[in-house]
Amino acid sequence: MFIKVQNVSKYYVSGSTSVRALHDVSLSIKKGEFVSIAGPSGSGKTTLLNLIGGIDHPSEGKIFVDGKEISSASERELSKYRREYMGFVFQRFYLLPQFTVLENLTFPAEFTKKYKKNDLRSIAIKLLEYVGIAHKSDRYPTELSGGEAQRVAIARALINRPKIILADEPTGELDSENTENIISLFKKLNFNDKITVIIATHDPEVWKRSQRIIRLKDGGVVHGGK
Ligand SMILES: Nc1ncnc2c1ncn2[C@@H]1O[C@H](COP(=O)(O)OP(=O)(O)O)[C@@H](O)[C@H]1O
Ligand SMILES: [Mg+2]
């Protein structure tokens, strides 16, 4: 199994209060699957993505990705894991407003030192072409529609050639036409590039196009974990 979450619980502790965000969650995801994580607000969707993405550690339980246990990995190992495996996409895009579309791809990628600086520009342009936004390469984020901004964010997520895309409410701020376009783009990445796609979402349009829906409620899996 490509991704295996085993009896995972997550508590957020601050001072004397502790919030239980996930409780005894077990699920598995195959390589190349296209999965939605559904559930009401506060049910633990974002927490689960953060744990699978190696952004945070579980309080209990284990997580394996591609045969490696990431739940016990050091920060250093996790940052390598994220660079090698993960592309993150968010509801709010998080583009850097002072940079052009093209620079929003090349600037963060410079730090990963995966590519030579000279190659980076052409790699970024190819990705922008692939997601259909190369004609806006020299524009600034404020000049883009929500759908266009999300394309740029997806291109940015692809620059390290991720094996897994984790998207958190990626259509949450888009109208229905842009939602459809962005879902089609995720389907293309899944089908053509064999990227495993995991989307936390309320959006029934995304659920419809998923191979499987994992439903969370109050931090537990109520449906679709296996
Ligand atoms: N950093 C945090 N500190 C404290 N509580 C948190 C934190 N992040 C999430 N929570 C709590 O954990 C629960 C699950 O949150 P979350 O994973 O964001 O759910 P969802 O994405 O489904 O809305 C909620 O009760 C939320 O308030
Ligand atoms: Mg959330």
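Predicted model: local features only at pLDDT ≥ 70, side-chain atom pairs only at ≥ 80, totals over all residues.
Figure 1. To find the shell in the view, look for Y12, V19, A21, G39, S41, G42, S43, G44, K45, T46 and T47. What is the make-up of this shell in terms of nonpolar, polar and charged residues? Three are nonpolar, seven are polar and one is charged.

**Figure 2. Here is N50, a residue of helix α1.** With 18 other C-beta atoms within 10 Å, N50 counts as partly exposed. Leaving aside residues up to four places away in sequence, N50 touches I55 and D56.

**Figure 3. Six strands line up in an open sheet.** Reading across, the order is β6-β7-β8-β3-β9-β10, and the pairing is mixed. Which strands stand at the edges? They are β6 (86–90) and β10 (220–223); each has a single partner strand, so one side of each is left without a neighbour in the sheet. On average, neighbouring strands of this sheet are turned by 25° against each other, direction ignored. Helix α5 (residues 146–158) packs on the sheet, where it touches β6 and β7 (164–168). The direction of α5 makes about 165° with that of β6.

**Figure 4. Strands β3 and β8 pair side by side in the parallel sense.** Four bridges link β3 (residues 34–38) with β8 (residues 196–200). One pair to look for is I37 and its bridge partner in β8, A200.

**Figure 5. Strand β4 has antiparallel partners in β1 and β5.** Five bridges join β1 (residues 3–14) to β4 (residues 60–65). Here I3 stands opposite V65 in β4. The pairing of β4 with β5 (residues 68–69) has two bridges, and F64 stands opposite E69 in β5. How many residues lie between β4 and β5 in their hairpin? There are two, and D66 in the turn has a positive phi of about 55°.

**Figure 6. Helix α3 has buried residues that are covered by other parts of the protein.** Within α3 (residues 101–112), the buried residues are V101, L102, N104 and L105. Their cover includes α4 (117–130) and α5. Just after α3 comes K113, which takes a positive phi of about 55°.

**Figure 7. Stepping back, the whole protein has seven helices and 10 strands.** Its C-alpha trace spans about 45 × 40 × 35 Å along the principal axes. A compact globule of 226 residues would have a radius of gyration near 17 Å, and the protein agrees with its 17 Å. Buried residues account for 39% of the 226 residues. Of the contacts between residues at least 6 apart in sequence, 68% join residues at least 24 apart.

How values were computed:
Residues numbered from 1 in each chain as written. Chains lettered and ligands numbered in written order. Pairing = 2+ DSSP bridges. Axes fitted to C-alpha atoms, helices over the stretch in contact; angles between N-to-C directions. Contact = placed C-beta atoms within 7 Å. Near = placed C-beta within 6 Å. Nonpolar A, V, L, I, M, F, W, Y, C, P; charged D, E, K, R; others polar. Buried ≥ 20, exposed ≤ 12 C-beta atoms within 10 Å, placed from the backbone. Rg over C-alpha atoms; globule rule 2.2 N^0.38 Å.
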